[in-house]
Amino acid sequence: MLKIYGADLSTSSNKVRFVANLLNIEYDYVRVKVKDGETRTAEYLRMHPAGKVPVIEDDGFVLFESNSICRYLCHKKQSGLYPQELKPRSLIDQWLDFVSMHIGGAINKVAFNRLFAPIIPVEVDKRSEQDGVNFFNRFLPAVENSLKHHPYLPGDTISLADINLLATLDPVELAKLDITPYSRLVAWRNKLRQQEFYTKCYEEYGETYKKMISSGKKQ
Ligand SMILES: N[C@@H](CCC(=O)N[C@@H](CS)C(=O)NCC(=O)O)C(=O)O
């Protein structure tokens, strides 16, 4: 059976679980305790040379990087989430790259400084935090605009690009980033967050987050 090595606070790990759930792929979820050094063991580093989550192991085949893993799972199931046709697929790639690079990059800067730095603890980098807020405000309108033209990010049907954006946005409330000015994005997100592929995973994830924040510990 497919094994997903991940951590509850990892949006990249949750993205892989969302896709596996959507594709009805059965999996064993292996919770990796990052703070206890489980990603630094020789055994783990053989799977991921930089010691990150997520990683999958599928019948002896090992793969890391969440977007690559999601593409692999879609290929395997020949899923319309990531279709074969050149142009629709390229539009999905475009949004995968844009969201991971620009929106994910912005949220990571803010979330690191507002949520994790005080807990680790390391000094908060105010400049990096502000850069994150500025990039977030600069790049969100591109997504809102795309949702003006069709119900999902690249087109009329749900795609891998939507799942990537959904997972990427998960920490916005905790990081105090405001998405309410983007009404189409908010409606799109609310619709997807009610679906089982998401709720199944988010219930545990949300609980872990709350515990982490209230106990001041990183999981
Ligand atoms: N681009 C990677 C990001 C992987 C990543 O940064 N994972 C984080 C959790 S979201 C991690 O493993 N952090 C622990 C560490 O860097 O030691 C992906 O999408 O898989």
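Predicted model: local features only at pLDDT ≥ 70, side-chain atom pairs only at ≥ 80, totals over all residues.
Local features need pLDDT of at least 70, side-chain atom pairs count only at pLDDT 80 or more, and totals for chains, interfaces and linings use all residues. Residues are numbered from 1 along each chain as its sequence is written.

Start with helix H3, residues 66-77. Helices are DSSP runs of H or I with at least four residues, strands are runs of E with at least two, and both are numbered from the N terminus. H3 has 12 residues and spans 17 Å from its first C-alpha to its last, close to the expected 16 Å. That expectation is 1.5 Å times one less than the number of residues. Buried residues in H3 include Ile-69, Cys-70 and Leu-73 (buried: 20 or more other C-beta atoms within 10 Å of the residue's own, C-beta atoms being placed from the backbone). The buried residues of H3 pack against H1, E3, E4, H4 and H6 (contact: C-beta atoms, placed from the backbone, within 7 Å). Just after H3, Gln-78 takes a positive phi of about 50°.

H4 (residues 86-116) also packs with H5 (residues 126-149). Their angle is about 145°, and their axes lie 8 Å apart. Axes are lines fitted to C-alpha atoms over the stretch in contact, with angles from 0 to 180 degrees between N-to-C directions. Among the residues that meet are Ile-103 and Ile-107 in H4, and Phe-135 and Phe-139 in H5.

How values were computed: Contact = placed C-beta atoms within 7 Å. Buried ≥ 20, exposed ≤ 12 C-beta atoms within 10 Å, placed from the backbone.
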